[in-house]
Amino acid sequence: MGTMTQTGLEALVDGTLDFASGTDFRVALTTSAYTPDPDHDDMADITNELSGGAYARVASANEAIVVDDANNQIECDGDDVTFASLEAGAGTPAYAVFHEYGSGTDANALIISVNTLTSPPVPNGGDYVIQPSAEGWFKITCA
């Protein structure tokens, strides 16, 4: 489950971002040397992103909002993402950063959530698949 950033939550609440349609989202991978911070606003704040080894950020698809009445939460989910032919030279992923595409510039790409990867394997040149948790890329809980 991802931890939302303050700017990401604000953009969803004020309507700047449309999670279920209209906004292009991507996923980036960072190593364990990155320290997640809810105050990080955009991809320009991200450090220790993987590089080389056939690494490139991947588009997210089929975002959907699920209302979970039993747990009093809204779950924001999407398809698994595949980093094709990711090689060991890229580094070992520890976090998946779910963000807006941002018109191609990191300064315009709002971070929505940072997802901790549990026991991530070392890339080996095959497809590297990241699954959102059972509750999606992130959730909003109602008290």
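Q: Okay, which residue in β7 is the bridge partner of phenylalanine 25?
A: Glutamate 100 is the partner of phenylalanine 25 there. Keep in mind that this is a predicted model, where local features need pLDDT of at least 70, side-chain atom pairs count only at pLDDT 80 or more, and totals for chains, interfaces and linings use all residues. Residues are numbered from 1 along each chain as its sequence is written, and side-chain values use heavy atoms, with hydrogens and water left out.

Q: How many bridges between β2 and β7?
A: Six, and β2 pairs with β7 (residues 95–100) in the antiparallel sense. Strands here are DSSP runs of E with at least two residues, helices are runs of H or I with at least four, and both are numbered from the N terminus. Two strands pair if DSSP finds at least two bridges between them.

Q: And what about β2 and β3, how many bridges there?
A: Two, again antiparallel. Arginine 26 has alanine 59 in β3 as its bridge partner.

Q: What's the strand order in that sheet?
A: β1-β8-β7-β2-β3, an open sheet of five strands with antiparallel pairing. β1 (2–4) and β3 are at the edges with a single partner strand each, so one side of each has no neighbour in the sheet.

Q: Which helix packs on the sheet?
A: Helix α1 (residues 6–13), which touches β1 and β8. Its direction makes about 75 degrees with that of β1. Contact means heavy atoms within 4.5 Å; axes are lines fitted to C-alpha atoms, for helices over the stretch in contact, and angles run from 0 to 180 degrees between N-to-C directions.

Q: How do β1 and β8 pair?
A: In the antiparallel sense, over three bridges, with β8 covering residues 111–116. Methionine 4 has serine 113 as its bridge partner in β8.

Q: And β7 to β8, how many bridges?
A: Five, with the two strands running antiparallel. Alanine 96 sits opposite asparagine 115 of β8.

Q: Is β7 buried or exposed?
A: Six of its six residues are buried, so β7 is largely enclosed by the rest of the structure. Buried means under 20% relative accessible area, exposed over 50%, and partly exposed in between (1.4 Å probe, protein chains only). Tyr95, Val97 and His99 are on one side of β7, Ala96, Phe98 and Glu100 on the other, and both faces are covered.

Q: What about β2, how many of its residues are buried?
A: Six of six, so to speak a mostly covered strand. Phe25, Val27 and Leu29 point one way, while Arg26, Ala28 and Thr30 point the other way.

Q: How many bridges join β5 to β10?
A: Four, and β5 (residues 73–77) runs antiparallel to β10. Isoleucine 74 is opposite isoleucine 140 of β10.

Q: New topic: how many disulfides?
A: Zero, from a search of the whole structure. A disulfide here is a pair of cysteine sulfur atoms within 2.5 Å. For cysteine 76, the nearest cysteine sulfur belongs to cysteine 142 and is 11 Å away.

Q: Are those two cysteines buried or exposed?
A: Cysteine 76 is buried at 4% relative accessible area, whereas cysteine 142 is partly exposed at 42%.

Q: And how many salt bridges?
A: Four. The criterion is a side-chain nitrogen of Lys or Arg within 4 Å of a carboxyl oxygen of Asp or Glu. Arginine 57 pairs with glutamate 49, their closest N and O atoms being 2.7 Å apart. Glu49, Arg57 and Asp106 are linked in a network.

Q: Which residue does aspartate 24 bridge to?
A: Arginine 26, with the closest N and O atoms 3.2 Å apart. Aspartate 24 is partly exposed at 32% relative accessibility.

Q: Last one: where's proline 36?
A: In the loop between β2 (25–30) and β3 (58–59). Proline 36 touches Tyr95 and Val114, leaving aside residues up to four places away in sequence, and proline 36 is partly exposed at 34% relative accessible area.
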